[in-house]
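Please look over the sequence and the model first, and then read the notes below with the structure in view.

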Amino acid sequence: MTDLFTPARFGGIELANRIVMSSLTRNRAGEGNVPTPLVAEYYRQRASAGLILTEASPICLEAHGYPRTPGIHSEAQIAGWRRVTEAVHGAGGKIALQLWHVGRISHPDLQPGGQLPVAPSAIRAAGQTFTGQGMKDFVTPRALDIAELPALVETYARATKNALEAGFDGVEVHAGNGYLLDQFLRSSTNQRTDAYGGSKEKRARLLLEVLDAVAGAIGNERVGLRLSPVTTFNDIRDDTPQDTFDYVVAQLNPRRLAFLDILQGTGGAPREQWEPFDYDRLRDLFEGSLILNNGYDFASAQVAIGAGKADAIAFGRMLLANPDLVERFRQGAPLNQPDYDKLYSGEEKGYTDYPKLAP
Ligand code: 8OZ
């Protein structure tokens with residue numbers, strides 16, 4: 001029977017097991033938002049996971065919304081990421097880069113020339129953002145002009161070519177968690193009246209154009225997609241999430257992507273608090289490999305795989321705190337607990353200093 005330790009093939013990517021490392025923002029990039037040798041060491045330590053999904057990586061200067069997030073738009077960043085992919089491959093692992101544009105979840109302090117962040121519509125997110133000069137209120141973003149969208153799509157393709165040059169096994173398009181592509185998908189943030197807003201077909205259009213451009217750059221069998229149909233993170237919601245995401249997922253089938261990565265509920269929130277959504281329906285609609293994510297432990301992940309609800313399970317906090325999670329699962333060994341104070345700062349502390357099991 002298939003379980004977490006069964007090898008898998010997701011499109012063009014071979015996985016040694018079905019334990020995937022979830023994308024996790026860690027804010028350890030160096031000068032110029034370049035991945036440092038410490039970042040490479042962090043990923044190398046976790047290479048026994050069947051597939052590592054990197055932290056979200058901004059595709060251009062305007063895509064940044066947090067300090068010290070490693071980008072994929074400069075030569076120095078490509079070279080920094082090459083250190084990461086070589087370290088992971090040297091340890092026998094597989095790694096895909098998560099392509100990110102934050103849209104309105106940014107601030108002029110983090111934008112080139114202090115400009116306004118961009119979004120589908122000029123609707124401000126409630127709340128505050130961490131700018132490097134402390135917490136500041138989100139601003140009302142500038143609505144993208146329809147004439148700017150082809151260049152935006154091309155920026156995703158260019159970032160994908162950069163990821164190829166950096167040696168990644170694939171890329172994952174981040175269309176979840178209230179960032180730019182999710183802002184287009186969901187009705188609360190997209191009030192456009194042109195070909196990219198209104199009906200679900202129009203709200204999904206930019207994402208599908210991005211997927212086609214990214215697949216054109218790296219091959220469909222190396223492209224994954226991250227969705228989070230009902231997360232409320234970053235002040236986002238949809239009037240009819242099942243209808244919207246059933247449609248999106250059905251459009252993926254002819255595109256033959258490597259995998260679909262679904263965050264259930266809201267990141268970090270326990271299952272009891274997940275907003276209602278029928279994930280089994282997405283499983284039935286989608287013909288490719290499905291990764292589920294959010295709060296699984298070894299037992300619940302084994303049940304999900306055994307019952308055919310997913311092809312792999314992504315672990316965030318557990319892999320963050322247990323670089324050798326695969327081995328710990330095999331042995332039923334106790335787990336380190338994550339140091340939550342060190343999620344987004346602390347350099348090597350709470351990053352590369354979690355102990356492995358004694359040999
Ligand atoms: C936590 C902090 C900053 C960014 C996401 C990229 O939720 C993120 C993120 C998470 O997808």
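Two residues are in contact, or touch, when they have heavy atoms within 4.5 Å of each other. With that in mind, Ser228 touches Gly176, Asn177, Asp182, Arg186 and Leu263, if residues up to four places away in sequence are not counted. The model described here is a predicted one, and the points below go from the whole protein to single residues.

**Overall form**

- The protein holds 11 helices and 14 strands, and its radius of gyration of 19 Å is close to the 21 Å that the globule rule gives for 359 residues, so the protein is as compact as a globular protein of that length.
- Among contacts between residues at least 6 apart in sequence, 71% join residues that are at least 24 apart.
- The protein carries 37 positive and 43 negative side chains, and the centres of these two sets lie 1 Å apart.

**Aromatic rings**

- A pair of aromatic rings is described by two quantities, the distance of the centres and the angle of the planes.
- The structure holds 13 aromatic pairs; in one of them, the rings of Trp100 and Tyr179 have their centres 5.2 Å apart and their planes at 85°, so this pair is edge-to-face.
- Trp100 belongs to strand β5 (residues 95-100) and Tyr179 to the loop between β10 (170-174) and α4 (180-185), so the pair ties together parts that are 79 residues apart in sequence, and both Trp100 and Tyr179 are buried.
- The rings of Phe315 and Phe329 have their centres 5.3 Å apart with planes at 65°, and because an angle over 60 degrees counts as edge-to-face, this pair is edge-to-face.
- Phe315 lies in strand β14 (residues 312-315) and Phe329 in helix α11 (residues 325-331), so the pair ties together parts that are 14 residues apart in sequence; Phe315 and Phe329 are both buried.
- One aromatic cluster is formed by Tyr42, Tyr43, Trp81, Phe168 and Tyr351.

- Most residues other than glycine have a negative phi.
- Asn33, although it is not a glycine, has a positive phi of about 55°.
- Asn33 is placed in the loop between β3 (19-21) and α1 (37-45), and with a relative accessible area of 23% Asn33 is partly exposed.
- Asn294 is also a residue other than glycine with a positive phi, and its value is near 130°.
- The place of Asn294 is in the loop between β13 (290-293) and α9 (298-306), where Asn294 counts as buried because its relative accessibility of 5% is under 20%.

**Surroundings of single residues**

- Gly288 is found in the loop between α8 (279-285) and β13, and a relative accessible area of 26% makes Gly288 partly exposed.
- When residues up to four places away in sequence are not counted, Gly288 touches Asn253, Arg283 and Asp311.
- Although Gly288 and Ser300 are 12 residues apart in sequence, they are 22 Å apart in space, taken from C-alpha to C-alpha.
- Ile78 is part of helix α2 (residues 75-90), and Ile78 is buried, with a relative accessible area of 1%.
- Apart from its neighbours within four places in sequence, Ile78 is in contact with Ile72, Asn162, Glu165 and Ala166.
- Ile78 and Leu24 are 54 residues apart in sequence, and their C-alpha atoms are 19 Å apart in space.

Note on methods
Residues are numbered from 1 along each chain as its sequence is written. This is a predicted model: local features need pLDDT of at least 70, side-chain atom pairs count only at pLDDT 80 or more; totals for chains, interfaces and linings use all residues. Side-chain values use heavy atoms; hydrogens and water are left out. Rings of Phe, Tyr and Trp (its six-membered ring) pair if their centres lie within 6.5 Å; planes under 30 degrees apart count as stacked, over 60 as edge-to-face and the rest as tilted. Helices (H or I, at least four residues) and strands (E, at least two) are DSSP runs, numbered from the N terminus. Buried means under 20% relative accessible area, exposed over 50%, partly exposed in between (1.4 Å probe, protein chains only). The radius of gyration is taken over C-alpha atoms; the globule rule is 2.2 Å times the number of residues to the power 0.38. Lys and Arg count as positive and Asp and Glu as negative; His and the chain ends are not counted. The place of a charge is taken as NZ of Lys, CZ of Arg, CG of Asp or CD of Glu.
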